[in-house]
Amino acid sequence: MRMRQYSGNRVGLAVVGGVLLAAGVYGHLRGLNYLPGLSPRGKILPERTAQLAADHSWVLWLGALGMLMLSLVCLRWLLLCLGWGRRGARTGTGTALLCIGLKEIEGINRAAVRVVGESDRLRVALTCPATADVGSVVGKLEGDLVGRIRREVSNDELGAVVRIHVRR
């Protein structure tokens, strides 16, 4: 079984963060008149937009509110990418048992086992491509595999939720 770390969210966050940092540094340096060859009175906004902002102060407040909402959404995205807000604790023993139990099946990209709450339930998450044999995965899980993971991690009375994500 091949395990691969998905880094799309981290790369996206790095690109967005770099662009925002560059724009902030540019705005700060331009405001302090540290950029050579640029007039501090140079136009940033078109004439009509600048006149609208000067005549109606609520336009600037609306823009500021929009930027605040965008920054909060980006902060939430960052926190979710870092793993905050996820319930339960990962269990390496359970993940290892899951990987050993499914080693004959080709194409499983990601496998994780979490214990949620004080031994309330067990969460098993699998990710595989559309070409993988999902029937054999379900057959293995319906067998004694989930029971063995339960016994090893906590106890037999532990409820289990199994999620299989098939990528297109």
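Which residues have the most contacts inside the largest nonpolar core? The points below take this up after the basis of the model.

1. Basis. This is a predicted model, in which local features need pLDDT of at least 70 and side-chain atom pairs count only at pLDDT 80 or more, while totals for chains, interfaces and linings use all residues. Residues are numbered from 1 along each chain as its sequence is written, and side-chain values use heavy atoms, with hydrogens and water left out.

2. Overall make-up. The protein chain has five helices and four strands; these are DSSP runs numbered from the N terminus, helices being H or I of at least four residues and strands E of at least two. From the N terminus the order is α-α-α-β-α-β-β-α-β. Of the 168 residues in the chain, 20% are buried, where buried means under 20% relative accessible area, exposed means over 50% and partly exposed lies in between (1.4 Å probe, protein chains only). Counting contacts (heavy atoms within 4.5 Å) between residues at least 6 apart in sequence, 59% join residues at least 24 apart.

3. The core. The residues with the most contacts inside the largest nonpolar core are Leu 98, Leu 102, Ile 108, Leu 122, Leu 126 and Leu 141, and the core has 19 residues. Such a core is a set of buried Ala, Val, Leu, Ile, Met, Phe, Trp, Tyr and Cys residues joined through side-chain atoms within 4.5 Å. At least two of its residues come from each of helix H4 (92-101), strand E2 (110-116), strand E3 (121-129) and helix H5 (134-153). H5 gives the most, with five residues. In soluble globular proteins, nonpolar side chains tend to be buried together.

4. Leu 98. Apart from neighbours within four places in sequence, Leu 98 is in contact with Ala 111, Ala 112, Val 113, Val 124, Leu 126, Leu 141, Leu 145 and Ile 149.

5. Helices H2 and H3. The axes of H2 (residues 47-55) and H3 (residues 57-81) come within 4 Å and cross at roughly 100 degrees. Axes here are lines fitted to C-alpha atoms, for helices over the stretch in contact, with angles from 0 to 180 degrees between N-to-C directions. H2 is therefore roughly perpendicular to H3, a term for angles of 65 to 115 degrees. Leu 52, Ala 53 and Asp 55 of H2 meet Ser 57, Val 59 and Leu 60 of H3.

6. Thr 127 and Arg 167. Thr 127 is in strand E3 and is buried, at 6% relative accessible area. Beyond residues up to four places away in sequence, Thr 127 touches Gly 107, Ile 108, Asn 109, Arg 110, His 165 and Arg 167. Arg 167 lies in strand E4 (residues 159-167) and is partly exposed, at 40% relative accessibility. Arg 167 and Ala 132 are 35 residues apart in sequence and 9.7 Å apart in space, C-alpha to C-alpha.

7. Cysteines. The whole structure has zero disulfides, a disulfide being a pair of cysteine sulfur atoms within 2.5 Å. Cys 74 is partly exposed at 26% relative accessibility, whereas Cys 128 is buried at 1% relative accessible area.

Definitions and conventions. Parallel < 35°, antiparallel > 145°, perpendicular 65-115°, else oblique.
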